Amino acid sequence: MADGVVIAIAGAKGGVGKTTTALNLGAALANAGERVAVVELDLAMANVVDFLKIDPQTTIHDVLSGTATVSQAVSRVPPGVDVIPADTSLDDFNAVNVATIAPVIRALRPKYDFVLIDTAAGVSPETIYPLRLADEVIVVSTPRVAAVRDTKKTIELANRVNGTVAGVIFNRSGTGNAPPPDRLASFLDTELLGAVPDDPAVADAQDRSEPIVIYRPDSPAAAAFSSIADSLIFAHDDGGDVMGTGGVGDFTRAEQIAKAAEAADPGDEALKTSDEPDDGFRFVDSG
Ligand SMILES: Nc1ncnc2c1ncn2[C@@H]1O[C@H](COP(=O)(O)OP(=O)(O)O)[C@@H](O)[C@H]1O
Ligand SMILES: [Mg+2]
């Protein structure tokens, strides 16, 4: 059986919709018959359990601290997504060895068509590992200028660790007077994978502890997530033989790289803002 594709859902900013995207792409892929795992690698600010009807006794924290196997930490949710959530308490946080995420992903890869890694905000070894380990990185951003600037840094960071950026998803599109998603994607010099509208049904779905593609498949946001999932299936339709590194790689410099990327000038000449986040947003094409 061909190994699955490992995709990191990344983005430097919190609250842009990384977790929402990981869970909804996961559910949409499963709806389409794909075997999907979603791994929550937001170790300090875990909240996948808040989005789903699960109450796990074993989490990725136990796996990464060596006290549980990967399969013990799997919670299956409709429509057949295997979720490996993180622990919402910080009790086990210090015991965790983030480097052991590499063998965890290696163990999951042959069992699934898609392994999605929901990552943390910020720039730290915890966010760098998945960028490097994944076959591809999908960055999630809102179309707001501050978020786009941070997204530029995430792409820069992924490039520095030899990650492969597949493209960007703009979430909560259609609000304010942000530039259109295709212009923002070309500013970021990356592929536009989709734009998910700001949709009140997303919060309703979350209140119901269900992905919106399950709770309200007819909603605009669900349609957008499903269409992105279809593109992912299409892109990997060749038997899923995309080769990932699967290796541990050299992460000894992870901390240094994180600092360098933090300091990196995102080259934001092309993003002129007079008044963030909405009013007076001016976007000037670079080059
Ligand atoms: N398309 C959307 N429309 C409306 N609300 C959204 C949308 N996407 C995400 N949200 C809301 O934004 C908040 C942050 O989303 P989340 O996925 O937790 O972001 P992150 O993982 O990047 O921190 C959540 O309360 C979520 O319900
Ligand atoms: Mg999150």
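This is a predicted model: local features need pLDDT of at least 70, side-chain atom pairs count only at pLDDT 80 or more; totals for chains, interfaces and linings use all residues.

## Ligand 1 and the spaces in the protein

A backbone N or O atom of Thr19 lies 2.9 Å from an oxygen atom of ligand 1. Residues are numbered from 1 along each chain as its sequence is written, chains are lettered from A and ligands numbered from 1 in the order written, and side-chain values use heavy atoms, with hydrogens and water left out.

**Around ligand 1**

- The protein covers 84% of the 560 Å² of accessible area that ligand 1 has on its own (Shrake-Rupley method, 1.4 Å probe).
- For Gly17, a polar backbone atom is 3.0 Å from an oxygen atom of the ligand.
- Ligand 1 is surrounded by 17 residues, and the closest are Gly15, Lys18, Thr20, Asn171 and Gln206 (near means a heavy atom within 4 Å).
- Helix H1 gives the most to this shell, with 3 residues (helices are DSSP runs, H or I, of at least four residues).

**The largest pocket**

- The space taken by ligand 1 is the largest pocket (the ligand counts as sitting there if more than half of its atoms lie within 2 Å of the grid points).
- On a 1 Å grid over the protein atoms alone, a pocket is an open set of points with protein on both sides within 12 Å along at least five of seven lines, a cavity is a set where a 1.4 Å probe fits but cannot get out, and lining residues have an atom within 4 Å of a point.
- About 520 Å³ of space lies in this pocket.
- Its lining has 29 residues, with Gly15, Val16, Gly17, Lys18 and Thr20 nearest the centre.
- H8 gives the most to that lining, with 4 residues.

**The cavities**

- There are 2 cavities of 30 Å³ or more.
- The largest cavity has a volume of about 90 Å³, and its lining includes Thr20, Phe51 and Gln206.
- The second largest cavity has a volume of about 60 Å³, and residues including Ala10, Thr119 and Leu157 line it.

Terms used. A polar contact is a pair of N or O atoms within 3.5 Å; within protein, one must be able to donate a hydrogen and the other to accept it, and residues adjacent in sequence count only if both atoms are side-chain atoms. Helices (H or I, at least four residues) and strands (E, at least two) are DSSP runs, numbered from the N terminus. Grid points are joined across faces, edges and corners, and a volume is the space filled by probe spheres set on the points.
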